[in-house]
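The entries are kept brief.

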Amino acid sequence: MYSDLLHALPNVFALTNFAAVVIGVIAGIVVGAMPGLSATMAISVLVPFTFGLEPLVALGLMAGIYNGAMYGGAIPAVLLRIPGTPAAVATTFDGYPMAQKGQGGFALQVAVVSSSIGGIASAFALMLLAPPLSKVTLLFGPSEVFWVAVFGLASIIFLLGGNPVKGLISACFGVFVSVIGSDPIYGNDRFTFGQLEMLDGINIVILLVGLYALPPVIDLLETPLKTDGVNSSNLGTEPIWKALPRMKYWKTWIRGSLIGIWIGILPGAGGSMAAFMSYNEARRTSKHPETWGEGEPEGVAAAEVANNADTASALIPALTLGIPGTAVAAVMLGGLLVHGLQPGPMLFRDNPDIVFGFMWQFLFGAILLVLLGGSLATNSFARLLNLPRPLLGSVIIVLMLIGVYSIHGRMFDVYLMLGFGAIGWVMDRLKFPLPPVVLGLILGGFAEENLRLALRIGRGDPMILFQNTTSLILVALTIAVVVGPTLKKRFIDGRKEV
Amino acid sequence: MFNIFKTTALAGALALSAGAALADYPEKPIEVIVGYSAGGGTDVMARTAAPFIEKYLGDGASLVVKNMPGASGQIGVTEAANADPDGYTLGTFNLPGMMARTIDREAGYDRDSFTYLANVVNDPNVIVTSKNSGLDTLDKLLAEAKANPGAITVGMSSLGGDDHFALIKLQNATETEFTIVPFKGSAPARTALLGGHVAMGILNISEVAEFQDQLNVLGVATNERSTFAPDLPTFKEQGLDLVNGSMRGFIAPAGLPEDVQAKLLNAFSQLASDQEFLAAMAATANPVEVVTGDDFKQLTSDLYDLAKGVWETTPWN
Amino acid sequence: MPESRTSRLKRPETLTALGIIVVAAAFLIPTYDLRAISALLPAVMLIGLIVLSVLLLLADQRKARAGEDAQPMTKSPKRVIGAFLLIVAYALATDFIGFYVSTAATIPLVAWVFGYRSPLGLLIATVIVVGTIWAIFDFGMSQDFPTGRFWGR
């Protein structure tokens, strides 16, 4: 296998194949950086177009876009508090406060370096450990996946914000939205009102653009003359080689990479969950958790390393089993099928040059990210924020429409997005936290589907949920994460009293 | 109401302009509406077939694939059914799904809404079991199912699809009972099977071809051995009359002008003997079985009756 | 000074809580037609929303009684409503008269209405944005945007 890996290398350096990765990374950063445009949308637009391309050119473009977009999403997340892609939601937590403090440049540099590290770790996992990791995926049947989802949902309690009632309303709203569509088992409609367009559920991008991009646009138009601290002149950028020594986040990088890779090989949950979990874990173990959410660079590092660390690893179950680990990987799987690359164990045997070449492209994509992203982001993109606010607002409106329309090519989604936008504006003004909505939408229906599959397998007996070690470990982890902080606090308080 | 008016008006206009103008068909690009995202099985079929159809239509014909994904293909097929029947809008068609959807929910079309061009892919069902289930032959499986009704869990893609109908046929033919576990699609069902979370699976031959070493393939639901995987035995060989599969083809709205229909049918029927096309389809794991025109219509009708019968005895939602 | 009874009901959080209660209750109706297992999760979420909103409402009214003034949602409601209506109008225009026409009109219109009035800047921005979108999506990726239902096919 490792000789196949080396054998595939020269072909990756063929001019067109390599150029495809470079173009892909740049395009990915741009797409990710545009509020409203997402990696899912970019790759779904690209797939039909790749029909006429050489496999490695097509796959190189996709690998580049995926890597680029996962970082690109951080740019508006930091500068405008609009996550450019769903996976960048957690980046806003500390990235935006940093930008407000005039450290936007450093935040972006942390983001690009972390993204690159996550991407490289993930690419190595894909190259060296795909077969064993795909065995790990097989351990996760419906009942285990249900517990993973519960574990993710439990972490909502750290995202509730200052007012738990509002946080829980957000979470309930997110979970409720996740059940809209056809019932996961019987296929009957739930709350679709006869609209075929809603039968497949609410696409995360539609909700995200509505909730996160529309309120800031309204802000831009509402107070056109406001000059906040965010513009390129005081991004506080210094050359990246000077910034690098200030980044001492090795623990967070390693932990975030592992979390990202692990979430990636599990089908369904995807990038945003990896970023949330990495962020929570890093904060939980931090020596000064009180600075988190106020502009802690390590928070940006935690979110960005994880959302790139699940890119290549999401392809492990996609390539070996045909089940993509993230929404973007699902679209990419289509791009593989177009080129006759059928997922399965034979894939590695039948098309080694293409499959291993594709893996190399992921690695080079991640490395290129730091070179291309470093200069692109801090120089050109931030300039966009120098645009007069009304103009910036109107351009973002157009991008939102394009991004949402292009996912399925229908206006229905645009209207849906505007509906969520109105809700999002009210939530924003009344300080309802948005992250629980996102996590609820991603994990709510996912948990339900797997619970009901598990119950069917157990023929109605709920004990099926506790019947194996993997499930029990996940239950224990969930309890530890939820109860742990309270116990720790009690313990410390108790000692003080003595 | 408006639609009826529009159709009659158009039909009238078409009748008037028939003859000289239509002899030139096609004089502009033909749109093929695919009800799934780019990269899905149906999409790959449409894009693989397109250049060959262009070749057989001649006159510099061009086919443009348009993806209208959503609701298991229903959005796209409804659009195709209600398009102007001028030969410039075709659509892809999936069986038994498209017919089952007219039974289990409101649909904006029925089996008379289409001009049936050609069914191109017939992907037969297979029964597979996981390696650790110990059920490595059909006889063992059926014996176990009879001994413990409902004890065997069956992973498959959603209810009301070809997998489901194959299981119903199996249950009726052998008087057995299984517990259905409907996953969202075949790949998750196959993964649960590989991990041993369900004992048995009903999938399609193209979906298990790559996984023959990891699963026990008990049989293929065809009359004769599939050219796609000739080493796999059929159920008929094993004394079980079970024939079922998932089909994908092309339709146009009902009421095409006759010469346009003839030209299209002629082009589609030539696919069956085009070696280059067959090779391209094999490369994308699509078992080909071309059925054109009235035979395709009959096939659809039969599947509708099957789905209707199943729905009346055991409705699935 | 404590607010009057009617103005206490017009506090944004109170209104929002009442809105959630009404909408969630309305969504509860269709759950009766579903199978029990299918209705379970949505019903629990809707009931959760109702209960939580009641809590929110009570907390807000308690604040009102304590004489705490509610923060207004916006200082310039006209601008907000105007911006939202313009965005909706843009989506409708795209749907009915076509993407490129609507976009070319919307960018300068929105920017102008909300205070950016340099004709040259508007022209350049519109040309660059529309041109780039056309070059990438239409020319490069043959991606179709709505051409307008109004014009028929």
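The entries below take the chains in turn.

**Chain A, helix pair.** I noted that the model is a predicted one. I then looked up how α3(A), residues 39-49, lies against α19(A), residues 389-408. Their axes come within 9 Å and cross at roughly 50°. Angles from 65 to 115 degrees would count as roughly perpendicular and those under 35 as roughly parallel; α3(A) and α19(A) are therefore oblique to each other. I recorded the crossing of α3(A) past α19(A) as left-handed.

**Chain A, α21.** I turned to α21(A), which covers residues 435-457 and has 23 residues. From first to last C-alpha α21(A) reaches 33 Å, close to the 33 Å expected at 1.5 Å a residue. I found a bend of about 30° at Leu441(A). Of the 23 residues of α21(A), 23 are buried, so this helix is largely enclosed by the rest of the structure. Arg459(A), which follows α21(A), has a positive phi, near 50°.

**Chain B, α3.** I looked up α3(B), residues 41-57, and found 17 residues spanning 24 Å between the first and last C-alpha, close to the 24 Å expected. α3(B) bends by about 35° at Ala50(B), and Pro51(B) follows within four residues. The buried residues of α3(B) include Val44(B), Met45(B), Arg47(B), Ile53(B) and Leu57(B). After α3(B) comes Gly58(B), with a positive phi near 70°.

**Chain C, domains.** I read the domain assignment of chain C as domain 1 (8-65) and domain 2 (77-151). The centres of these two domains, taken over C-alpha atoms, are separated by 37 Å.

Technical notes: Residues numbered from 1 in each chain as written. Chains lettered and ligands numbered in written order. Predicted model: local features only at pLDDT ≥ 70, side-chain atom pairs only at ≥ 80, totals over all residues. Helix = DSSP H or I, 4+ residues; strand = E, 2+ residues; numbered from the N terminus. Expected span 1.5 Å × (residues − 1). Bend = angle between axes of the 7 residues up to and from the residue. Buried ≥ 20, exposed ≤ 12 C-beta atoms within 10 Å, placed from the backbone. Domains from an automatic or database assignment. Axes fitted to C-alpha atoms, helices over the stretch in contact; angles between N-to-C directions. Parallel < 35°, antiparallel > 145°, perpendicular 65-115°, else oblique. Left-handed = near helix turned anticlockwise from the far one by under 90°.
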